[in-house]
Amino acid sequence: MPDKNTEKKHHFINEKIIRPRLTRLQVVRRLLFWGIGAVLFGFLAAVTFVVSEPWARRYLSEPETVESSSVSIPKDEPETTPAPTTASPTETSDEEESETAPIEEVVRNEVERYEFGTEDLLSMYAGFNQLVQETNKGIVAVHAVKTQTDWLDNSVEVAGNYAGLVIAATPDEFFILTPREALSEAEEIEVALYDGTLARAELQGMDQVSNMAVLRLGASELDEGVAEKIKVLELGNSYMVKQGDLVFTAGAPAGMIYSNSVGTVSYIAKNISTVDASTRLFYTGAAGQAAQGSYMFDAEGKIVGWVTDDYRAEGDSMTVVRALSDYKPVLEKLSNGIAAPYLGMMGQEVPESKRQEGMPLGIYISRAIADGPMYNAGIQSGDILTKIGESEIVTMRDYQNCLDKLEAGQAVHVEIQRFDLEEYVAMEYDVTVGAR
């Protein structure tokens, strides 16, 4: 057998095909082809991104957590009675008579001589109509979207219609006051602005005591230029509202968004006991629908209260409005996403006549709300609240100022006086502050 190592190796011809070089014309054509292709691809990618990015950001992306600026709502102080002057009654009356009598007589004579005509009435209503139209720019329609099943088991989306007010704003967000019923079982919250723009909103804070809520509308949900058109309505001082003042209601007083009604303040009820506060109520002939959201404005277009059914008697034709100033501390907390503190009691200041009979100085608890923090701690109706923490409690204003400084979940030491057979006995409790 032949030796494999000695076997001859045979070489075959290897061919290599070499493509001819491209001509300059072919090189130019190919460069143009790839260049045009790159431009077309980039254009199509840009168009696709522009069209799909807003949709993807709105429906697919997780909501961003953005630290926003806090909302500050200054508190109003109740009006005070001016201190009497030291001048003698005779001197004061003489000065007033000599200074004011001629002026009053001149004014009375001028008013009697002036003949009011149709033009004066039209001019007055024209100015008022302009004020109402300007106010409407700060009113939004709140749609609480829910999914229900019809008779044929088909899923149907329904949306409740409520009125809300834009009451505050930061560079990135708007805050809307609306009835709490607008959020009942809502799966999604949508707001319609005055110009018809639709946008999603989120719950910022809710108060079960007053049945009001605050929504948060991000500026990023709005198209460019829309945010600048939203009017932030000014919060007025309801302590300055007087009986006989001209007011108007807006929101949904006639049951339809952007309706309004005019009237005067017929009566003011002060020091009305309510949960954890003492408030005042306005009675007016202007129409109002509490369920859908109706709000009262003064003659300058400032918000001074909202319509409530909590104090309305059956068959009463007057609209009852809860004063805004008493509610501002709670409203500030809700706007900042902070739960408003809650102790759960209704009370009134011990009058001087009862103090003379031996009743301790403090707040008489007329009702400890069932399952409330005070009730659960053991405090009862009829107790006299005298101290919370280090703060002495004498008036309802003391109580409200102290409560505003507390936080939900905080443990606080409470002192009360309880009548035991023949005398009041001091007792102490530890109460965990709740949330409204």
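Which side chain makes a polar contact with the side chain of Ser 210? The partner is Tyr 327, at 2.8 Å. A polar contact is a pair of N or O atoms within 3.5 Å; within protein, one must be able to donate a hydrogen and the other to accept it, and residues adjacent in sequence count only if both atoms are side-chain atoms.

This is a predicted model, in which local features need pLDDT of at least 70 and side-chain atom pairs count only at pLDDT 80 or more, while totals for chains, interfaces and linings use all residues. Residues are numbered from 1 along each chain as its sequence is written, and side-chain values use heavy atoms, with hydrogens and water left out.

## Overview

The protein chain has seven helices and 20 strands. Helices (H or I, at least four residues) and strands (E, at least two) are DSSP runs, numbered from the N terminus. Of its 436 residues, 36% count as buried. Buried means under 20% relative accessible area, exposed over 50%, and partly exposed in between (1.4 Å probe, protein chains only). Among contacts with a separation of 6 or more, 61% join residues 24 or more positions apart. Contact means heavy atoms within 4.5 Å.

## Around Ser 210

Ser 210 sits in the loop between strand 5 (198–207) and strand 6 (212–218). It touches Trp 306, Arg 322, Tyr 327 and Arg 436, leaving aside residues up to four places away in sequence. Arg 322 is 112 residues from Ser 210 in sequence, yet their C-alpha atoms are 9.4 Å apart.

Another side-chain polar contact joins His 143 and Asn 161, at 3.2 Å. His 143 belongs to strand 1 (residues 139–149).

## Nonpolar cores

In soluble globular proteins, nonpolar side chains tend to be buried together. A nonpolar core is a set of buried Ala, Val, Leu, Ile, Met, Phe, Trp, Tyr and Cys residues joined through side-chain atoms within 4.5 Å. The largest one here has 31 residues. Leu 165, Ile 167, Tyr 295, Phe 297, Ile 303 and Leu 331 touch the most other members. Strand 2 (residues 155–169) gives the most to this core, with four residues. Apart from it lies another core, of 20 residues, including Ile 363, Ile 365, Ile 379 and Leu 385.

What does Ile 303 touch, not counting residues up to four places away in sequence? Its contacts include Leu 165, Ile 167, Leu 233, Met 296, Phe 297 and Leu 324. Glu 234, Leu 235 and Gly 236 are also among them.

Strands of a sheet pair through backbone hydrogen bonds, either parallel or antiparallel. Two strands pair if DSSP finds at least two bridges between them. Six strands close into a barrel in the order 7-8-9-12-11-10, with antiparallel pairing. From one strand to the next, the twist averages 45 degrees. Axes are lines fitted to C-alpha atoms, for helices over the stretch in contact, and angles run from 0 to 180 degrees between N-to-C directions.

Strand 7 (residues 246–251) pairs with strand 10 (residues 294–297) over four bridges, in the antiparallel sense. Here Thr 249 has Met 296 as its bridge partner.

Strand 18 (residues 411–420) and strand 19 (residues 423–432) also run antiparallel, joined by ten bridges. Ala 411 stands opposite Thr 432.

Which residues of helix 7 (residues 396–404) are buried? They are Met 396, Tyr 399, Gln 400, Cys 402 and Leu 403. Seen down the axis of helix 7, these fall within an arc of 165 degrees, so they line one face of the helix. The arc is that of the directions from the helix axis to the C-beta atoms.

## Loop residues and accessibility

Asp 276 lies in the loop between strand 8 (259–274) and strand 9 (277–284). Its phi is near 60 degrees, a positive value in a residue other than glycine. Asp 371 occupies the loop between strand 15 (363–368) and helix 6 (373–377). Its phi is also positive, near 65 degrees.

| Residue | Relative accessible area | Class |
|---|---|---|
| His 143 | 18% | buried |
| Ser 210 | 5% | buried |
| Asp 276 | 3% | buried |
| Asp 371 | 64% | exposed |
| Glu 407 | 55% | exposed |
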